Amino acid sequence: MTTTNTGPSLVVELVAQLAHQRIGRWQNGYLKDEAKAVAALARLRRGAGKPAGHVPDLWDLIDTQLLHDARREGRPLSEVELARAEDALHVAVTLWALHQQSRGKGTHELHRRERPRGLGAAVHRAMPPNEIDDSLRKRLVRAWNAPDLATLAQRLRDLVTLLRREDVRLDYGLLAGQLYQWQWPGGADRVRTAWGRSFHAWQDHGAYRTEQDLPHGGAAPDAPDTALGSTSTTDKDAS
């Protein structure tokens, strides 16, 4: 199988699909207060921000059967592809479990009316109207500058904690696919571009916003004249 310099699109789609499937099942059970799902989320939260191989307790929770099925159906995945897919799923679902903790409504993006999607848009939603929260922006820039998946997982953990505080949803299926893509040569740049575009797209899509969607209520803010990509020396040093 020939792979591109950002990883095969087939696997990106499979990883996103797997994340949606697993998170959807856990979330449904969690919101119904089913003991098995509540216990699973407690275990998953302990893995947030940690590499997959460092948390053996989660190996039986994060099911990658769909990837192995694809391998048997004439679409062979290499060991490298499987390993990177499993790592991406681990990071995404453990971050979701952290995000879901103690929330009374879904934080996994099951409500597809929100546009644009993506980490950048979610971070922008968490900011006050007409303002750029510099603390949030810097955390996004630190994740942007992560040199590897392990570091990225730790920095995303900090961001997700803030998104949870502001009750902002995030599409973890999309994030899982991007985390897979991140691990390939050139993939991190593509993901960074997607995050930057979704950050700025949020400020341009006031028509999609309702009072309920705004983190602090009130009218939709005007687009602030701020560029996410224009990082300062301080931001880079902080990474």
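Arg192 counts as buried, with a relative accessibility of 16%. A buried residue here is one under 20% relative accessible area, so Arg192 at 16% falls inside that limit. The model is predicted.

**Pairs within a helix**

What does Arg192 pair with? Its salt-bridge partner is Asp189, and the closest N and O atoms of the two are 2.8 Å apart. Asp189 is partly exposed, with a relative accessible area of 48%. Both residues belong to helix α9, residues 187-203. They sit three residues apart, so about one helical turn separates them.

Within it, the side chains of Arg137 and Asp134 meet at 3.1 Å, N to O. These two lie in helix α6, residues 134-144, again three residues apart, about one turn of the helix. Arg137 is buried at 9% relative accessibility. Asp134 is partly exposed at 35%.

Side chains of opposite charge can pair when their charged atoms come close.

Arg117 lies in the loop between α4 (79-100) and α5 (119-125), while Asp171 lies in the loop between α7 and α8 (172-182), so the pair ties together parts 54 residues apart in sequence. Is Asp171 buried or exposed? Asp171 counts as buried, at 3% relative accessibility. Arg117 is partly exposed at 30%.

Three of these bridges, side by side:

| Salt bridge | N to O distance |
|---|---|
| Arg137 and Asp134 | 3.1 Å |
| Asp189 and Arg192 | 2.8 Å |

**The whole chain**

The chain holds ten helices and zero strands. Read along the sequence, the pattern is α-α-α-α-α-α-α-α-α-α. There are 239 residues, and 49% of them count as buried. The chain exposes about 11,100 Å². Carbon and sulfur atoms supply 47% of that area. Take the contacts between residues at least 6 apart in sequence: 73% of them join residues at least 24 apart.

**Helix α7**

Helix α7 covers residues 149-165, which makes 17 residues. From its first C-alpha to its last it reaches 24 Å, close to the 24 Å expected at 1.5 Å a residue. Which residue caps its N-terminal end? Asp148 does, with a side-chain oxygen 3.3 Å from the backbone nitrogen of Ala150. The buried residues of α7 include Leu149, Leu152, Leu156, Leu159, Leu162 and Leu163. Arg155 and Arg164 are also among the buried residues of this helix. Just after α7, Asp167 takes a positive phi of about 60°.

**Leu89 in helix α4**

Leu89 has its place in helix α4. It is buried, with a relative accessible area of 2%. What does Leu89 touch, beyond its neighbours within four places in sequence? Its contacts are Val15, Leu18, Ala19, Ile62, Thr64 and Leu67. Where does Leu175 stand relative to Leu89? The two are 86 residues apart along the chain, and 9.2 Å separates their C-alpha atoms.

How values were computed. Residues are numbered from 1 along each chain as its sequence is written. This is a predicted model: local features need pLDDT of at least 70, side-chain atom pairs count only at pLDDT 80 or more; totals for chains, interfaces and linings use all residues. Side-chain values use heavy atoms; hydrogens and water are left out. Helices (H or I, at least four residues) and strands (E, at least two) are DSSP runs, numbered from the N terminus. The expected span of a helix is 1.5 Å times one less than its number of residues. Buried means under 20% relative accessible area, exposed over 50%, partly exposed in between (1.4 Å probe, protein chains only). A polar contact is a pair of N or O atoms within 3.5 Å; within protein, one must be able to donate a hydrogen and the other to accept it, and residues adjacent in sequence count only if both atoms are side-chain atoms. Contact means heavy atoms within 4.5 Å. Accessible areas come from the Shrake-Rupley method with a 1.4 Å probe; for residues, only the protein chains shown count as cover. A salt bridge is a side-chain nitrogen of Lys or Arg within 4 Å of a carboxyl oxygen of Asp or Glu.
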